[in-house]
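Subject: Structure handover

Hi,

Here is the structure I promised to pass on to you. Please load it next to this message while you read.

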Amino acid sequence: MTASPPRLRLDERAVSAGTTVRFALLLVLLLVSGSSMIISVATRLQPSRDLDGFGCELAAGADPLHAGDLATVAVAAAQKAAYQSCVDRYGALPPWWLAAAAPLLLLTAAGLVFALLPLRKARRGRVVPLAAVDRDGGILHSLTELSATAGLSRPPRFVVDPTAATVGAVVFGRTGRATVCLHGGLLAHRTTDPDGFRAVVLHELAHVHNRDVSLTYFTVALWRVFVALALLPELVVTLREFTGRDTTAWASEAPGATRRLLLTVVMVALVHLARSDVLRSREIYADLAAVRWGAAAHTWAVPDPAPPTGRAGRAWASFAGLWRTHPRWDLRRESLTDPAALFAVRALPMLLTGAAAILIDVQSADQLGNYVATGRWARQALASAPAGLVTGVAGIMLWRAVVHATATGRPAPAGVRAGLWLGVGMAAAELVLDDLTGHRWLPERPEVMLLLVLAGVAFGWWVTSCARLWTAVWQRPTVRAAMLLCLAAASLAMSAWFFWWQGEGTALATGWPTNPAATYHFGNALDRAAPTQPLMALQTLSDGPVALPAVAALWGVPLLAWAVRPAPGQATGGALPSLRRLLLAAAGGGVLGWAGFVAVMAGLHGGQPTTGDAWSILTATYFLRTSAALVLAMAAAAAIATASAGRHRLIAAIVAAESAAFVAAAGMFVLASAEGCVRPLSVVVQSCVWRPGPTWSEFRYLLGPVLVAGAGAAFAVAAVAAAIRRVRRPAPRRRTAAGRTGPARFGVPARRVGIGVLCAAAAASTWLGPSAQAEGSPRPEVAPDLPVVSAETRAMQVTAWTMFGGADLLHRLIVVTTGFGTLLQEGNGRVDTEKVRPFCADIAEFARTAAAYLRIPDPSAQDQWQAGITQAEQSGRDCTASVDGEDGKLLAASFAELLTADSTLNSAYTRIVEVAHAGGL
């Protein structure tokens with residue numbers, strides 16, 4: 001029996017560690033969440049505040065306690081301006097300067113704590129200068145030599161803690177001015193165990209060399225400031241909300257308050273776990289550096305505590321280990337010979353990364369959106385920050401795992417499991433926040449949360465697929481350039497995803513069916529047309545500013561790998577799927593798409609529309625069926641390509657699918673431009689006219705969403721192919737199609753020409769999309785009928801209408817009426833017109849304000865309210881006319897009209913009181 005060959009060892013420095021990005025993720029999370037909590041506390045401490053807009057929603061006629069989020073949104077959207085005015089007035093945010101000052105406050109305080117931490121650790125009475133115990137300078141000489149060995153241009157400052165009996169040391173301060181504190185026990189063993197002394201000191205100097213000190217201690221400083229200035233006030237205010245609340249209002253406020261309390265717990269756990277995980281990695285990196293500089297490996301032979309017995313004991317030990325900042329000694333010893341632990345993709349970092357990314361994305365968008373009218377590009381820029389951080393953390397971890405597996409002969413990870421944990425983290429964080437649930441415990445459509453999980457899976461799978469593809473052909477000493485290229489594409493895709501999720505995705509989760517703005521490409525009649533709902537949902541896929549560039553990058557960046565010149569002795573395309581087969585699959589899918597388009601035109605032939613709704617419905621049907629034909633053709637091309645792509649099936653599916661879209665679209669464009677020339681295929685145009693201009697405007701609108709949907713179809717096809725292969729588990733073959741070494745069908749120049757054409761098509765696709773789509777397009781507001789609610793809810797609605805503006809309007813009317821009447825009485829029939837004119841303006845202003853206010857959530861009261869507003873408007877007009885014409889009779893008539901309006905409006909208020917009493921209020 002032959003022994004298995006020893007595994008190769010990959011240097012831990014071969015690929016970027018990525019720990020700096022992980023620290024950056026923590027710092028950004030603390031800044032964004034801390035600022036959000038400070039603003040939240042300041043907002044909730046304001047007097048007479050409508051907590052979470054609950055009162056304004058009731059005043060608008062919504063039923064946030066019982067009806068779904070969609071019904072609430074629909075009722076509020078029907079009176080958008082009045083509802084927003086109510087929220088702005090009674091749910092007023094703190095001043096903008098507080099929002100701007102919050103992150104500056106956290107940074108300034110953290111900087112101060114960061115500067116004071118070394119002083120506290122090095123204060124007199126706790127440590128002494130090295131010279132106090134090093135009378136002959138021998139220790140300093142040894143430490144200076146070790147500092148030179150560690151590559152430090154200037155030795156750090158050394159102090160001694162004589163009270164510490166342990167054989168250890170610690171470094172603190174900042175990288176440029178680090179201080180190494182040697183424990184008394186370490187100095188006592190310096191002569192008896194010189195190897196141990198050397199290993200401990202080199203380990204601490206490795207932290208200085210690796211620039212761990214500043215990042216570690218600034219994170220500690222910011223965490224302490226976050227706890228003091230943000231977390232504790234948020235916790236106190238949230239706990240206060242659980243007491244002294246009206247039971248009726250608390251039914252709506254309880255979900256939000258509970259989630260805010262849960263958020264504080266999640267933040268503590270997330271930051272501590274993430275920081276501990278990074279520090280454990282940095283400890284192993286410092287161990288390896290110390291050994292590389294000459295430290296004896298046997299000094300890591302520290303006795304381990306007895307392992308726990310029983311399943312519960314082992315589970316608790318594993319859980320407790322997640323919170324420690326130092327790894328187990330057995331893991332540290334194993335890593336000295338095989339640092340595989342540094343290249344492993346673990347579930348916990350992925351889970352924490354996904355949660356942190358969503359917290360940053362949602363909270364930063366909410367903070368800016370509350371004070372600034374954010375457009376599409378501004379929201380896209382905000383989405384790019386968490387996208388870049390999650391790609392830098394998770395993407396580098398996945399790349400390191402693939403490079404390590406390739407170099408050591410281990411099986412490369414697929415990235416699906418890691419992506420699953422990433423997606424679970426994103427979904428869990430969304431449930432802790434308020435942007436999906438409002439006054440409910442769960443979103444209206446909780447199943448939509450699965451999209452977050454699938455997005456994480458797609459990210460992990462694509463990144464590892466791209467890494468396997470490039471490591472198969474990349475022959476440079478370092479893979480940094482290839483890794484950055486793939487991660488840039490992944491970051492662009494994640495940025496597009498976050499933009500879509502915070503817009504359409506969250507709308508779907510809260511119950512909104514489609515993007516209302518999409519209807520205005522064809523007219524409002526589409527709202528009532530069944531075929532238009534899938535079309536509008538499809539259109540939202542490419543609404544984001546970088547959605548199409550992201551899709552282009554997802555297949556364009558991997559495609560470039562085929563253009564790399566093979567190394568000597570490597571057959572062309574030796575480790576990659578055959579480019580020729582991919583192009584044939586794309587051509588086959590393109591032909592299928594063109595045939596499907598012919599079937600669509602033939603099916604719609606003979607049903608020429610007239611105008612109006614029929615035209616809108618036919619147009620929507622035409623676009624929807626054409627889109628379906630294209631997406632199905634792309635899926636077919638992906639299925640053909642995955643049959644011979646081996647482990648590169650995902651990349652092959654995306655490349656073949658996107659290429660097939662352009663092949664099919666070219667044939668479709670020619671046929672559509674000459675529609676009237678082929679009578680059986682004519683849908684609208686009956687005469688034979690070459691019309692490329694109008695056709696291009698239609699295809700520009702069509703292709704954008706199709707390319708995005710087709711990429712999703714390629715992922716689905718590749719997933720099915722992988723599942724089938726896993727179930728069937730074919731017998732291993734000597735050489736798969738992805739690893740052929742036979743003669744090349746395409747030479748390098750020919751391949752590069754073909755790849756250049758496809759990459760040019762990918763670049764051109766970024767300019768597709770509906771040119772008519774304009775930001776800020778007006779949306780018509782159609783008032784829905786008031787929902788059927790209980791008497792108790794209706795009482796709450798009319799009471800809220802009175803509390804949040806209605807009573808103020810009635811009071812204004814009383815003031816104007818009383819003042820006007822007093823003026824007329826004092827004049828004894830002769831009134832100064834200049835004194836009357838302000839009252840005329842007040843009456844007109846009251847009528848305008850009352851008309852713009854929310855409708856009363858009771859039809860009878862609203863009818864009387866509207867009648868009173870009409871009478872007040874007439875009174876204001878007559879009052880102004882009487883002053884301009886010095887007409888005393890008209891002035892008296894205007895006052896009579898004002899009295900009538902006052903009586904009518906008070907009748908509306910009487911009805912409100914009756915409804916409130918009927919509901920128990």
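Below are some notes on its cavities and salt bridges.

This is a predicted model, in which local features need pLDDT of at least 70 and side-chain atom pairs count only at pLDDT 80 or more, while totals for chains, interfaces and linings use all residues. Residues are numbered from 1 along each chain as its sequence is written, and side-chain values use heavy atoms, with hydrogens and water left out.

**Cavities**

There are five cavities of 30 Å³ or more in the structure. A cavity here is a set of points on a 1 Å grid over the protein atoms alone where a 1.4 Å probe fits but cannot get out, and lining residues have an atom within 4 Å of a point. Points are joined across faces, edges and corners, and a volume is the space filled by probe spheres set on them.

The largest cavity comes to about 120 Å³. Its lining includes R22, S281, Y285, R346 and R400. Two or more lining residues come from each of α1 (19–44), α10 (247–292) and α14 (376–408); helices are DSSP runs (H or I, at least four residues) numbered from the N terminus. By class, the lining has seven nonpolar, two polar and three charged residues (nonpolar: Ala, Val, Leu, Ile, Met, Phe, Trp, Tyr, Cys and Pro; charged: Asp, Glu, Lys and Arg; polar: the others, Gly among them).

The second largest cavity has a volume of about 100 Å³. R22 and D277 are among the residues that line it, and α1, α10 and α13 (347–371) each supply at least two. Nine nonpolar, one polar and two charged residues make up this lining.

**Salt bridges**

The whole structure has nine salt bridges (a side-chain nitrogen of Lys or Arg within 4 Å of a carboxyl oxygen of Asp or Glu). One of them joins D277 and R346, at 2.9 Å from N to O. D277 is in helix α10 and R346 in the loop between α12 (329–337) and α13, so this pair ties together parts 69 residues apart in sequence. D277 is buried, at 3% relative accessible area, whereas R346 is partly exposed, at 31% (buried is under 20%, exposed over 50%, partly exposed in between, with a 1.4 Å probe and protein chains only).

Another salt bridge links E845 and R848, at 2.8 Å from N to O. Both lie in helix α26 (residues 833–852), three residues apart, about one turn of the helix. Through shared partners, salt bridges also join R22, D277, R280 and R346 into one network.

Happy browsing!

Technical notes:
1 Å grid on protein atoms, 1.4 Å probe; cavity = no way out; pocket = protein on both sides within 12 Å on 5 of 7 lines; lining within 4 Å.
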